[in-house]
Amino acid sequence: NNNNKNNNKSNNVESKASEVLDSDALYLERYKRRMEENQRITQQEQQRLQLPNPQWVDPTKFVEVLLSSLQDSHYPYSYFGYLNLLNTSTPQWQQLLLKSVGAPPP
């Protein structure tokens, strides 16, 4: 009878230890995914900050870069070209662009 109690206790301890390990593994997997997402966002933000500044670039080259990003608007990430257009537009032009697609003003 004592052996059965000890076996049940042992099984309960092993079961709880297994649940903890599963929980830890799930937590670690979520952490890894969040870190990867944060790195991807950081890379996107760095790319956004490296957009050509109209004050620093020849106007013809600037328009070429902008049109090129609009042509392949989802590279290197979704809506990259459209964000380029918005980020390089004047506030008035941004409002007009957003209004034209039914998006709320910034």
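Let's start with N84, which sits in helix α3, residues 80-88 (helices are DSSP runs of H or I, at least four residues, strands are runs of E, at least two, and both are numbered from the N terminus). This is a predicted model, where local features need pLDDT of at least 70, side-chain atom pairs count only at pLDDT 80 or more, and totals for chains, interfaces and linings use all residues. Residues are numbered from 1 along each chain as its sequence is written, and side-chain values use heavy atoms, leaving out hydrogens and water.

N84 is buried, at 6% relative accessible area (buried is under 20%, exposed over 50%, partly exposed in between, with a 1.4 Å probe and protein chains only). Its side chain makes a polar contact with the side chain of S69 at 3.0 Å (a pair of N or O atoms within 3.5 Å; within protein, one must be able to donate a hydrogen and the other to accept it, and residues adjacent in sequence count only if both atoms are side-chain atoms).

## Where α2 meets α3

S69 and N84 both turn up where the two helices meet: F62, L66, S69 and L70 in α2 touch F80, G81, Y82, N84, L85 and T88 in α3 (contact means heavy atoms within 4.5 Å). Those residues split into 6 nonpolar, 4 polar and no charged (Ala, Val, Leu, Ile, Met, Phe, Trp, Tyr, Cys and Pro count as nonpolar, Asp, Glu, Lys and Arg as charged, and the others, Gly among them, as polar).

## The whole protein

Zooming out, the protein has 4 helices and 0 strands, in the order α-α-α-α. Buried residues account for 12% of its 106 residues.
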